[in-house]
Amino acid sequence: MSVLIVDDHATFRRAARAVLEAEGFVVVGEAADGEEALRAVAELGPTLVLLDVQLPGIDGFEVAARLTAGEGAPAVILVSSRDASEYGELVEESGARGFLPKDELSGEKLTALLR
């Protein structure tokens, strides 16, 4: 599965890449904000976008909604250092497949959300 990691913190992007690559995912790119994420998805065509909720510019909820609106859209999993309960129904309304706290990131949990 090819993955694009979108987060404004380089430290998290590096850690997520290490975790996912160690578990057999192919990380095809990274993006630091919403606009860069939209461009990267168009260029790289990942099957999964690991998308931070809080981004500069366009937030993760809006990016998810834009990415999941079309045919052949990638799966989107939202991540945050905050608890999902803080976002109410925004996760469901975004079109994302699910939400994962950053400190629980694993290939197993991502795969479970994609089923």
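**Figure 1. Aromatic pairs in the predicted model.** Rings of Phe, Tyr and Trp (its six-membered ring) are taken to pair if their centres lie within 6.5 Å. By this rule, the predicted model contains two aromatic pairs. One of them joins Tyr 87 and Phe 99 in a tilted arrangement, with 6.0 Å centre to centre and 50° between the planes. This pair links distant parts of the chain, 12 residues apart: Tyr 87 lies in the loop between S4 and helix H4 (90-93), and Phe 99 belongs to strand S5. Tyr 87 and Phe 99 are both buried. Ring pairs also bring in Phe 61, so that a cluster of Phe 61, Tyr 87 and Phe 99 is formed.

**Figure 2. The largest nonpolar core and the surroundings of Leu 78.** In soluble globular proteins, nonpolar side chains tend to be buried together. The largest nonpolar core here comprises 21 residues, and those with the most contacts inside it are Val 6, Val 49, Leu 51, Val 76 and Leu 78. Two or more residues are given to this core by each of strand S1 (2-6), helix H2 (34-44), S3, helix H3 (60-68) and S4. H3 supplies the largest share, four residues. A second, separate core has 16 residues, among them Leu 20, Phe 25, Leu 48 and Leu 110. Beyond its neighbours within four places in sequence, Leu 78 is in contact with residues including Leu 51, Phe 61, Ala 64, Val 91 and Phe 99.

Figure 3. Asp 7 is located in the loop between S1 and H1. Its relative accessible area is 0%, and Asp 7 is therefore classed as buried. The side chains of Asp 7 and Lys 102 are joined by a polar contact of 2.6 Å. The charged end of Lys 102 also sits over the ring of Phe 12, 4.7 Å from the ring centre. When residues up to four places away in sequence are not counted, Asp 7 touches Phe 12, Arg 13, Ala 31, Ala 32, Asp 52, Leu 55 and Lys 102.

Figure 4. Gly 34, Ala 37, Ala 40 and Val 41 are the buried residues shown in H2. Because they cover an arc of only 115° around the axis, these residues are on the same side of H2. Their cover includes S1, strand S2 (26-31), S3 and H3. Ala 42 and Glu 43 are exposed, and they are carried by the face of H2 turned away from its buried side. At the N-terminal end, Asp 33 caps H2 through a side-chain oxygen that lies 3.2 Å from the backbone nitrogen of Glu 35. Gly 45, which follows H2, has a positive phi, near 60°.

**Figure 5. The buried side of helix H5.** Helix H5 spans residues 107-114, and Gly 107, Leu 110 and Leu 114 are buried in it. They lie on the same side of H5, because the arc that they cover around the axis is only 65°. The elements that cover these buried residues include helix H1 (10-22), strand S3 (48-52), strand S4 (75-80) and strand S5 (98-101). Leu 110 is also one of the residues of the second, separate core.

Notes: Residues numbered from 1 in each chain as written. Predicted model: local features only at pLDDT ≥ 70, side-chain atom pairs only at ≥ 80, totals over all residues. Heavy atoms only, no water. Buried < 20%, exposed > 50% of the residue type's maximum accessible area, 1.4 Å probe, protein only. Arc of directions from axis to C-beta. Contact = heavy atoms within 4.5 Å. Phe/Tyr/Trp six-rings, centres within 6.5 Å; stacked < 30°, edge-to-face > 60°. Lys NZ or Arg CZ within 6 Å of the ring centre and 35° of its normal. Core = buried A, V, L, I, M, F, W, Y, C linked by side-chain atoms within 4.5 Å. Polar contact = N/O pair within 3.5 Å; in protein donor to acceptor, adjacent residues only side chain to side chain.
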